[in-house]
Amino acid sequence: MRNKLFAIFVGVALCSTLSLSCVEKDPIEDIGSEGVAVVTFLPMDGSSVTKTEVVMAGQTISEPAYTPNQKKGYTFAGWCIDEEGTQLFDFESTPINEDITLYASYSRDIILTDRGKVSRVTGASLSGEGLPNPNSTHTRWNLGGTDLGIIWEMSNGEYGILFGDSYGSDFRPAGGGPGPASDWRSNVLAFSDNTDLENGLKFKSMLVAKSRPNRAVPVIERENYYAFTYIPTAAIELNGKQYMHYMYWEVGTTVRADQNYSSIYCSEDYGQTWSSCRGKISFDTDSYFAMVGYAKKPGDEYCYMLGAQSGRGYRKSSAKVARFKYDDILDKTKYEFWNGGKRQWVKGKESQASTVLDGTVGELSVMYLEEYDRFLVLYFDSDQYAICYRSAARMQGPWSEERILCKGHDSRYAQLYGSYIHPLSAKKGSNKIYWTISQWQPYNVFFMEADVKYAL
């Protein structure tokens, strides 16, 4: 009897595998075995097509490669055990003990509309600019030119804001980018506690030395003035500790941009002091996690990391995704990388990560919007010469189509890059996104506003 059941199982499973890819489901005949279970997938898109998969009872299965057709204005959000799409099925840890029906769920897409600059964030105001400049960093902290502006939320009620290569108060825009200015620092850090974002991003303080309170100091000091630079790419608080992901770049006399590695710094005192974690974790030159964005979702035990390459492929990379439990951020062997072919998270094998965002992704930030129950990613697309965005119900996708938020061909945003979301604008009840943008010509950071609404 056991051999007969096994033969039936193999035959039905083979037919079922074929049906998942191209055949409408026929009614399943009685397969005459308590040792076999049938999983039926209903697309919930108005069609009568269903798919099936046969498994040995008591076994788990991977999420199927079959993805229902996307409904207009929605993206697929996963398979649920209820028709309403409120309870996702856990493929990783739920054994199939009996016949079960899973229902496709969908998440409504969102549209962003640019509302322009709110304020200047760093540097001196230019003649005729007309924007509020609440921080005056050139006079208060000897910070005349800088870029990026990566924002994360801390549990002490403050927001940290990280900047990249920075210059002193004598910095003047001259043809774009870092010019012949003094006091080059690889990175600097500001703190903010203001919540009235419609009036700009205001600093409470910057990281300074007690002996020199009018000069912003770097989180990571350079050992050699000309040899390299440390660029922050993302930051997040996990279990009361602050983590900054950064990339190390050689620059040298040939002005190469070869990213040698990326790693993490940690702070246990809300950003006042930092220590290197490179002895515990590092990503090599070819890693797709050289430039990353971190994201948390309420009620989810994982922190997600969306990443792209840097170095020679700077701003010319697709993006991949990993996840880890909060306590495991410094243990890459416990990172799980999404493999789209296997339709599962693969632990400890970065090479198994699949592309989740194709195209050209640079200087990204990603955040979960509580009001819309979706992840939003902003990034610089050098092919489009624009800040673009996509959204998804799950970090592994599928993601919505690429849309343009603002273009560098617009004179207001000439030589744009970098796009970092303020976490406060991702809270429940918010229908606006506030974010920072960098521009190469003035080589400084500005605060931006965008409206959010559901797609039609």
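Predicted model: local features only at pLDDT ≥ 70, side-chain atom pairs only at ≥ 80, totals over all residues.
Trainee: Which strand pairs with β17, and in what sense?

Mentor: Pairing is read from the bridges between two strands, of which at least two are required. Strand β18, residues 302-308, pairs with β17 in the antiparallel sense over 6 bridges. Within this pairing, M291 has A308 of β18 as its bridge partner.

Trainee: How many residues lie between β17 and β18?

Mentor: The two strands form a hairpin, with 5 residues between them. In the turn, G299 has a positive phi of about 85°.

Trainee: Where else may burial and pairing be read together?

Mentor: Strand β2, residues 51-56, is mostly covered, with 5 of its 6 residues buried. Its pairing with strand β1, residues 36-42, is antiparallel and runs over 6 bridges. There, K51 in β2 stands opposite F41.

Trainee: How many cavities of 30 Å³ or more does the structure hold?

Mentor: Rolling a probe the size of a water molecule over the atoms shows where empty space is left. Here the structure holds 1 cavity of 30 Å³ or more. The largest cavity has a volume of about 30 Å³.

Trainee: Which residues line the largest cavity?

Mentor: Among them are L369, E370, E371, Y372, K427 and I433. By class, the lining comprises 4 nonpolar, 2 polar and 4 charged residues.

Key. Residues numbered from 1 in each chain as written. Heavy atoms only, no water. Helix = DSSP H or I, 4+ residues; strand = E, 2+ residues; numbered from the N terminus. 1 Å grid on protein atoms, 1.4 Å probe; cavity = no way out; pocket = protein on both sides within 12 Å on 5 of 7 lines; lining within 4 Å. Points joined across faces, edges and corners; volume = space filled by probe spheres on them. Nonpolar A, V, L, I, M, F, W, Y, C, P; charged D, E, K, R; others polar. Buried < 20%, exposed > 50% of the residue type's maximum accessible area, 1.4 Å probe, protein only.
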